[in-house]
Amino acid sequence: MTGRHATAVPPVPPRRTMRLLASTVMSAALLTGCIGSGGIKPHAQLINAAQLDPGAALKATQTDARWPALDWWRRWHDPQLDALVQHALTGNPSLRIAQARLDAANAQARIAGASTLPQLNAKGDFGRQRYPRYATPSPPGGYTVWSNSVGVSLSYDMDAWGKNRAAVAGALDAVQATAADARSVQLALETAVVRSYIQLSLQYALHDVYQTIMQQQQTAHDVVAKRVHAGLASQLELSQAETQLASSVNQLQQAELAIALLQHQIAALTGQGPGAGDAIGRPTLSLDLPVTLPSSLPVDLIGHRPDVVAQRWRVESASKAIAVAHADFYPNIDLLATAGLTSATTFGGFFNFMNHAAAGHRFGAAISLPIFDGGRLRGRYGVAVADYDTAVEGYNQTVIGAVQAVADQVTSLNAFADQQASAENAVASAKRSYQLADQGYRSGVTEFLNVLAAQAQLLRQQQQLADIHAKRLDAWALLMQSLGGGIEPAPIDARPALPAATAKSGRGSSHAS
């Protein structure tokens with residue numbers, strides 16, 4: 001002994017040792033026992049539309065034009081068309097289907113939002129029960145008693161890794177995508193009504209052509225008949241005139257049939273029966289439509305086309321699905337609490353369970369930790385990553401197709417403008433040729449075959465001019481659809497109303513590497 005008292009270290013109690021050991025083992029398990037993602041990560045990248053070359057056709061367009069308005073078809077100044085489109089937007093079943101899908105998406109978002117809030121449930125069990133003597137201690141074994149219970153349970157997912165918040169954000173992104181899809185359906189319906197209306201206008205124009213040609217051929221037939229009676233023409237010429245007249249009558253009847261069918265088609269698009277098409281009159285479309293586009297077309301295009309907007313929201317939703325799948329790799333912690341009243345004794349009656357002696361409660365936490373699952377969680381994560389890559393490439397494909405569609409319609413409109421000028425000159429020339437041939441035949445200078453040839457050429461040129469007019473209008477309608485019809489996209493943070501706890505959830509994309 002040195003005179004100093006050695007400080008004795010008190011022994012660690014066995015219980016404390018076990019607690020410390022259990023805590024250490026659990027901490028190590030939480031830190032190292034989680035399943036990893038195995039290096040799975042997204043590979044697709046969003047395309048930068050500003051870097052796409054719009055091509056010579058789009059570069060040559062004017063840059064001071066405005067986007068088409070939501071009611072873009074009104075620029076044709078046809079009140080009947082305006083009424084038909086408005087009727088279609090209120091009566092077509094496809095729009096109601098799109099609205100139902102949007103309602104379902106909103107409901108799914110609310111379901112996802114419920115996971116961020118505490119869950120409170122109550123239940124009661126009341127019954128007269130016979131307890132077997134040999135299986136249940138006495139009492140209540142061997143007796144028939146009231147076995148009643150009531151209880152409440154409270155649970156709350158702490159969402160330590162943001163899984164529920166990511167699920168809510170993804171569901172809200174899906175709502176935005178569905179809303180954009182609904183706008184796509186509306187735009188497609190508007191375009192379908194307008195294009196059918198253009199075809200109706202074309203058939204009326206062709207009907208006018210056939211009517212005029214038939215009148216000319218009737219006049220020519222009468223002239224030939226008089227010349228045959230006077231001995232100045234042959235029966236062959238009269239037969240040729242009769243054949244041409246019959247052909248014109250047939251063409252006129254075909255145009256009338258096409259008009260009736262198109263009226264039925266437009267009535268169906270407006271959500272009405274074929275009888276409503278009988279009231280559709282002749283279109284009065286204006287042809288003086290400028291072909292202009294705004295500057296920075298590809299960038300603006302993304303903000304206006306509903307299909308592009310929908311694909312972008314799907315990318316956002318898919319990124320949240322990755323975060324949800326990645327959170328499954330980590331422990332889940334739920335706070336639990338229960339309280340209830342239970343009674344199954346031989347004394348007392350129905351209300352015996354309503355006593356402080358029948359009360360019981362429990363509170364604590366439930367922890368689940370994935371350690372080995374045979375690759376199921378990693379497979380789910382791989383599916384989420386693949387879905388994200390698919391959404392990104394779908395967005396890229398939609399953007400490229402959108403720019404192509406606009407370029408195609410602008411190119412077509414420019415070509416149809418040149419073709420229309422050439423066709424108008426051709427019609428004027430064919431009219432002069434027919435007039436000269438008709439005058440020559442009446443004077444006995446030319447043969448009737450010259451009249452027939454000139455008349456056939458005039459008919460072809462008039463048909464071609466009417467067709468070019470319709471194609472130009474159709475290309476303009478398709479251009480409006482390609483530009484998105486003037487849709488104003490919702491801001492990136494736009495969200496439908498949900499409970500306060502849901503609205504506060506994070507929106508950041510969580511991509512596991």
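Reply: Happy to. Accessible areas come from the Shrake-Rupley method with a 1.4 Å probe, and for residues only the protein chains shown count as cover. This is a predicted model, in which local features need pLDDT of at least 70 and side-chain atom pairs count only at pLDDT 80 or more, while totals for chains, interfaces and linings use all residues. Residues are numbered from 1 along each chain as its sequence is written, and side-chain values use heavy atoms, leaving out hydrogens and water.

Me: What does the accessible surface of the chain come to?

Reply: Carbon and sulfur atoms account for 57% of the accessible surface.

Me: How many helices and strands does the chain have?

Reply: Helices (H or I, at least four residues) and strands (E, at least two) are DSSP runs, numbered from the N terminus. By that count, the chain has 11 helices and 4 strands.

Me: What percentage of the residues in the chain do buried residues make up?

Reply: Buried means under 20% relative accessible area, exposed means over 50%, and partly exposed lies in between (1.4 Å probe, protein chains only). The chain has 513 residues, and the buried share is 39%.

Me: Which residues does W72 touch, not counting residues up to four places away in sequence?

Reply: Contact here means heavy atoms within 4.5 Å. W72 belongs to the group that touches the most other members of the largest core. Its partners beyond four places are L187, E190, T191, V194, W476, A477, M480 and G485.

Me: How many residues are in the second, separate core?

Reply: Among its members are V315, A384, V392 and V399. The size of this second core is 17 residues.

Me: How many salt bridges does the structure hold?

Reply: A salt bridge is a side-chain nitrogen of Lys or Arg within 4 Å of a carboxyl oxygen of Asp or Glu. One of them joins R183 and E190, with the closest N and O atoms 3.6 Å apart. R183 is buried because its relative accessibility is 9%, and E190 is buried at 1%. In total, the structure holds 14.

Me: How far apart in sequence are the parts that K320 and D173 tie together?

Reply: K320 and D173 meet through their side chains in a salt bridge of 3.2 Å, N to O, and both residues are buried. They also belong to a network of salt bridges with R312 and E316. K320 sits in helix α8 (residues 306-327) and D173 in helix α5, so the parts they tie together are apart in sequence by 147 residues.

Me: What is the N to O value of the salt bridge between R195 and D474?

Reply: R195 is in α5 and D474 in α10, so this pair ties together parts 279 residues apart in sequence. R195 is partly exposed because its relative accessibility is 33%, while D474 is buried at 12%. Their side chains meet at 2.6 Å.

Me: Is H77, which has a positive phi, buried or exposed?

Reply: Most residues other than glycine have a negative phi. H77 is not a glycine, yet its phi is about 55 degrees, and its place is in the loop between α2 (55-59) and α3. Because its relative accessible area is 62%, H77 is exposed.

Me: Which residue joins its side chain to that of S343 in a polar contact?

Reply: S343 lies in strand β3 (residues 332-343) and is buried because its relative accessibility is 9%. A polar contact is a pair of N or O atoms within 3.5 Å; within protein, one must be able to donate a hydrogen and the other to accept it, and residues adjacent in sequence count only if both atoms are side-chain atoms. At 2.9 Å, the side-chain partner of S343 is N352.

Technical notes
Core = buried A, V, L, I, M, F, W, Y, C linked by side-chain atoms within 4.5 Å.
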